[in-house]
Every structure is written in structure tokens, then in C-alpha cells.
Amino acid sequence: MTAAVLKGPPVTGYSLAFATPLAAFFVLFFLAPLLLLIVISFYATPELQSFGFDQYVKIATDGFTLPVLFDTLWLGLQTTLLCLLLGYALAWCYVRSPGSLQKLLMLAILMPLLTSVVVRTFAWVVILGRQGIVNSVLAEFGWIDAPLKLLYTRGGLIVTLANVQLPLMVLPLITALQKLDPNLEDASSALGASALRTFVKITLPLTLPGIVAGCLLTFAASITAFISQSLIGGGQMLFMPMYIYQQASSLQNWPFAAAISLVFLVAVMACVSVFNLLGRLSRAGA
Amino acid sequence: MSAGRKYEGSAVALTGVLGAIAVIATVLLLAPTVIVIVLSFTNGFSLKFPPPGYSLRWYASLPDAFQLQYAALNSLKVACASTLLAVVLGVGAAMAIARSEKAMARVLDSFFMSPLILPALAFGLASLIYFSRIGIQLSLWTLVIGHTVVGVPYVIRTTVAALSQLPPALLESSASLGASRAYTFRRVTLPLIAPGVAAGAFICFMSSFDNVPVSLFLRDASTDMLPIRMWQDLEGRLDVSIAAVSTLMVLVTLVLMVVMERLAGISKRIR
């Protein structure tokens, strides 16, 4: 009888069998489609008749796909860096604010996360447009004669993406900063370190897990931000999501679309691994 | 003493710089929402800001915007169904992996979380090809399946967090008093993790309602989804009625958020 009790799971845990329905669902509707995507990418023609590496050869040699891929990753990196600068300052101020201000700030941080991406991007069209807010303010003060071109520029796109993804950066940073033992900062300054030195030597390294988590989420979200990229970037700038969509939908070229999605996917995973590795290395070094 | 003064000066400078950046960040966070709300009350035909005058004409035009209404209804149906499915499947999975130390549990955890990091667009395309190859017609149901895959990680994350905060002593004492596992689950575990589940369900619902990359591929010609309809309206012509729709959405979200904050303390649970 004791053996039977010992064999069963402890009352505080549940059997792994409870995960079976979701595991089956994922195998059927997540893993299987992705595996099929790999198979499809090895078809030589859009008619799906013969196998070959044709799509991957095309990616490597067409002189168009790889630049679009690197440009997309570069856009993600630029957005992530801007987000980190803005987000860290905001999170740092948040944990030092009194409770009532914290409530308001949290609402400001969560609001965009819960407002449609289309809505937020749409607002940036209004802000950056030729008759937009930035241009009318600058013209009002007489600083510019003709409206600046802000919409459909890379700078405009980076600011928009940074705004759209900022909550993803701020939330993990707040968690990391709240876990930080305030005694460490006090000890550092009591020992004579300047506030800046304490910030660089104590606060930043100890919140690195939050920084890595925030950067990962921001990066992953901004490179796949289809709506923002197409509305603010306009027709002149092409990034991977729109490229994949065009190949699949307008051109119906599934093998090529599948191949570039997979290359994109692998590139994203590689970037994510590098982020994770950097985080672990600097934690070990700190 | 001079060391102290030097410290004070550098502390003020640091606070000043970070504070200024934080103010910019807050303005950036709020500006888009505020601008869209103000714009929705314009009496003009363009997206000029500030508006030349104010009226409710764009709200008055909404009852006739059948395409938008139809798309909104579709989005609502899909979001409700996929949230329900994600909660049923996700809570079970969360229970299985929350306190387990088996290696399999860690593998399953990474497996269930991977839709968060994989580009959703690649998954959308993969699903489209999959459904068409196995001969399933695109419909609201294919959308529900796709949205569930993308939304279930949120439910698992918040539920696992709630489960691991649950004091084991409660479950042990319930068991030692003779309650069955099912009874303990219904009367002890479920009420205590409900806020965590609710927070995850809420985020799952919002992410489904706002989903573009998966919907883009899994909808057929006749099933229009709200974010995609709005995007297409904006790309074609900068339609002011979208500002009115947006404002209504912000309003509904705000109300939902306040309710969820009261019920589930959502701001603490989504990190």
C-alpha cells in the first residue's frame, strides 16, 4: 500500500498526462505545418513537381533576398537599442516613483500593449505625415519652409516601432529592477562610488537578465511587425514579412516563400541565441 | 565632505538625464492614443491635427460601415473561441509542467512557448500550406486553430506563475483531510489560480483580436478580420472613420483593463 502511495505523483503535482491534449494539438497544428514548410521549400518549382535545392540557391545568388534579410535584422537591432535606452530610463524612474505615480505610469505602459497595433501605427501616420503634427509645429515656429519627409523614412519607422514595442521592453526591466537589492546601491555609494559609477558597475550588470529578456521580445516583435513596416515604411522599403507575404499571396510561389520564411526563421533563432549567449557570458563575467 | 558633494552632484545629473528620457518615453507611449482620440472628433475630411473643428460625424458614419462591423464580428468570434480553447488546453498543460522536475516537462515548456519567438508570419504561411495540402477549407475554424497556437503561451505563462506561488501545504492538508485530487482541484487550486488564468486569457484574447500575421494567411476571401480591414482601409485612403473605430476600441480596452486589474491584478501578472 505504501508502495502504491509512493508510486503516485505527490498531491502537490500533477501527472504530465495533463499536457497531452495541448501536446497533441501542437504536434498537429504547429509542428506538422512547420515540418511541411521545410518539405515544400525543397520543391524546385511553384507547381510542386520535382525536388531540389533550387529555392535556396536562388536565395544565395539572387542578390536581393539576403540584403532584405540583413536589412530586416538591422532594423530590429536599431529599434531594440532605441527601446532599451527609452525603456531603461522609464523602468528606472518607475521603481523610484511613489505608489500613486507608479499606478499612472503602469497604465501608460500597458495602454499601448492593449491598443491595436493598427491603431498605434495609424497615429504615427498622423504624427509624421506631410501635414502632420511634427511638420506643423516646425512650420509654426518658422524653422522649416517646406514640410520634412518623415513618413516612409527609416528614421520614422524606427521611432514608430520603438513606440509600438516599448512595453515589451519596460515590463521585464521593471521586474529586474524591483528584484535588485537597494542595499547594494547604498553600499556602493557609501564606499565612495559616484552615482554614475554605481549605475554602470552595480545596477546595469545586475539587471542584465531583464535587459536580455526585454531585448529578445522587442527584437522578435519588431522584425515581424508587418503592419508598422508596411504603413510607415511605405512601398519603397521592403522587409522580410512583406516579402514573404508577396511571394506567397500575390505570386503564389509557395516553395520560394517557404524557403525565405525558413531562412528568416533560422536567422531569428540565431539572433535569439546570440542574445542569450551574450546575457550568459556577461553574467558570468560580472 | 567633498566626496559626499561630488556624489550628490553626479546623482542629480544621473536622475536628471534618466528622468528626462523617461518623460520622453512616457510622452511617446501616450501620444499616439491621445492623438487618435482627438482626431476621431474632427469635422474635417483629412487627418489634419489639430482638427479644424469638432463633431461626431465619423461616429455617426459607423452604423453604415457594414464591412467594418462584419470584420469586427468575425474578430470577436475568433478571439472568444480561441481564448476558450487556449484556456482549456493551456491550464491542463500548465498543471502538468508547473511543479514537475522531469526533463520532459522542461522540453514541453520550451515547445509550448516557442510560438512567442518564432516569426508568426512563417507559422501563418506554414498553416496555410498545411491546411490546403490536407484538404481543409479555410474558415473561421482554421483561424481559431491558428490563433490558439499563438495565444496559448500567454495562458501557460500566467497559469504556471500562479501555480508555483500556490503554497503546497494547502494541497497537502486538503489531501490529508481526505479530499480527492479532483475535489482539491475544484475547491482549492482552481479558486486560487483563477486570477492568473484570467490574466492569461485576457492577454490571449487581446492578442487574437489584434492578430495580423496569422489571420493574413488563414482567412479566406469572405472572412474579413478587423485589424486587416483597418489596415487595408488605411493603405487605400487615409479614412477618418478608422479613428472613430480606434477610439471605441481604446475605450473598450480601457474598461476591460480596469475590470481585469480589479479582478486579477493584471499588471503584476503579465510580466
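**Helices, burial and aromatic pairs in a predicted model**

Tutor: Chain B holds 12 helices and zero strands. This is a predicted model, in which local features need pLDDT of at least 70 and side-chain atom pairs count only at pLDDT 80 or more, while totals for chains, interfaces and linings use all residues. Residues are numbered from 1 along each chain, chains are lettered from A, and side-chain values use heavy atoms, without hydrogens and water.

Student: What makes a stretch of chain B count as one of its helices or strands?

Tutor: A helix is a DSSP run of H or I with at least four residues, and a strand is a run of E with at least two, numbered from the N terminus. By that rule chain B reads α-α-α-α-α-α-α-α-α-α-α-α along its sequence.

Student: How do you know what radius of gyration a compact globule of 271 residues would have, and what does chain B have?

Tutor: The rule is 2.2 Å times the number of residues to the power 0.38, with the radius taken over C-alpha atoms. For 271 residues a compact globule would have a radius near 18 Å, whereas chain B has 24 Å. The C-alpha trace of chain B spans about 80 × 70 × 35 Å along its principal axes.

Student: Why is the arrangement of B:Phe45 and B:Trp58 called edge-to-face?

Tutor: Rings of Phe, Tyr and Trp (its six-membered ring) pair if their centres lie within 6.5 Å, and planes under 30 degrees apart count as stacked, over 60 as edge-to-face and the rest as tilted. The centres of B:Phe45 and B:Trp58 are 5.8 Å apart with 90° between the planes, so the pair is edge-to-face. B:Phe45 lies in the loop between helix H1 (2–39) and helix H2 (57–60) of chain B and B:Trp58 in helix H2, so the pair ties together parts that are 13 residues apart in sequence.

Student: What makes each of B:Phe45 and B:Trp58 buried or exposed?

Tutor: Buried means under 20% relative accessible area, exposed over 50% and partly exposed in between, with a 1.4 Å probe and protein chains only. B:Phe45, at 64%, therefore counts as exposed, whereas B:Trp58, at 11%, is buried.
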